[in-house]
Amino acid sequence: DVTVPKALRLAAIRGLGVASDEEAMAPLTRLVTNSNESPQLRLAAARAMAAIRTEGLVGTAKPLATKTPDSPLPGLLAAELLQQHSARDAIDLLLQLAESQHGSVAASAAQRLFDLDPTLLYDLIDSLTHHPDVNVRRVGVRTLRHRAGVESTIALADILGDRNPKLRNLAAQILVEFAEVAELKPVVIEEVDRQLRGDAWRSLE
């Protein structure tokens, strides 16, 4: 009911998700797909739907994921709808969304994929760690930690020069962890030395 204050509508929508009210799926779907509705209400509806169903929402998410890329909202709605999904078709759509130019979309999709299985993101590591959005880059760094190895060590050393200090610190912590692994210790030393000899001042912190 559009005459009801937004705060009350939000509370009602969230309550439907908590209650896992299956009968609410139809009105929630109408809300999510209504481009004239408030973005806040649409996102709340998408999250409520995700809480109610762990499968069967790809059909609703897919048209949103393929909307014009000018706005992050459709892609974000799609990613939020799939937050409890684990089927192959949902994974494929999340992989597509994880490469979005919009940080909120890519971060939501990448985080879900990481929670499912970090190996799903191995092929996307380069795009994740070079994304403009720090939340996306953070998922990429965590994926590097999971993948562990020479290539990951080299990539983490480069992230020591990231513009975000918290992400630089995370990369440094992981490199310290990698240095405890015998076969990676010389690589860590070599790569850190490479950074110290470079001209990226952030790497010297």
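This is a predicted model: local features need pLDDT of at least 70, side-chain atom pairs count only at pLDDT 80 or more; totals for chains, interfaces and linings use all residues.
In sequence order the pattern is α-α-α-α-α-α-α-α-α-α-α-α.

**Overall form**

The chain has 205 residues, and 46% of them count as buried. Along the principal axes, its C-alpha atoms fill a box of roughly 65 × 30 × 30 Å. Of the contacts between residues at least 6 apart in sequence, 61% join residues at least 24 apart.

In soluble globular proteins, nonpolar side chains tend to be buried together. The largest nonpolar core in this model has 46 residues, and Ile13, Leu28, Leu81, Leu97 and Leu121 have the most contacts inside it. Two or more residues of this core come from each of helix H1 (6-19), helix H2 (25-32), helix H3 (39-52), helix H4 (58-65), helix H5 (73-81), H6, H7 and H9. H3 provides the largest share, 8 residues. Another core, of 15 residues, lies apart from it and includes Ile125, Leu144, Ile159 and Leu184.

Leu97 touches Ala65, Gly75, Ala78, Ala79, Val105, Ala106 and Ala109, leaving aside residues up to four places away in sequence.

**The loop residue Ser100**

Ser100 sits in the loop between helix H6 (88-97) and helix H7 (103-116). Is Ser100 buried or exposed? Its relative accessibility is 16%, and buried means under 20%, so Ser100 counts as buried. A polar atom of the Ser100 side chain lies 3.0 Å from the backbone nitrogen of His102. With residues up to four places away in sequence left out, Ser100 touches Val105, Ala106 and His131. Val105 and Ala106 are also among the residues that Leu97 touches.

**The largest pocket**

The largest pocket has a volume of about 260 Å³. Its lining has 14 residues, and those nearest the centre of the pocket are Asp126, Thr129, His130, Ala155 and Ile159. Ile159 is also one of the residues in the core of 15 residues. Helix H8 (125-129), helix H9 (134-147) and helix H10 (150-159) each give at least two residues to the lining. H10 gives the most, with 4 residues. The table sorts the lining by residue class.

| Class in the lining of the largest pocket | Count |
|---|---|
| Nonpolar | 5 residues |
| Polar | 2 residues |

Key
Residues are numbered from 1 along each chain as its sequence is written. Side-chain values use heavy atoms; hydrogens and water are left out. Buried means under 20% relative accessible area, exposed over 50%, partly exposed in between (1.4 Å probe, protein chains only). A polar contact is a pair of N or O atoms within 3.5 Å; within protein, one must be able to donate a hydrogen and the other to accept it, and residues adjacent in sequence count only if both atoms are side-chain atoms. Contact means heavy atoms within 4.5 Å. On a 1 Å grid over the protein atoms alone, a cavity is a set of points where a 1.4 Å probe fits but cannot get out, and a pocket is an open set with protein on both sides within 12 Å along at least five of seven lines; lining residues have an atom within 4 Å of a point. Grid points are joined across faces, edges and corners, and a volume is the space filled by probe spheres set on the points. Ala, Val, Leu, Ile, Met, Phe, Trp, Tyr, Cys and Pro count as nonpolar, Asp, Glu, Lys and Arg as charged, and the others, Gly among them, as polar. A nonpolar core is a set of buried Ala, Val, Leu, Ile, Met, Phe, Trp, Tyr and Cys residues joined through side-chain atoms within 4.5 Å.
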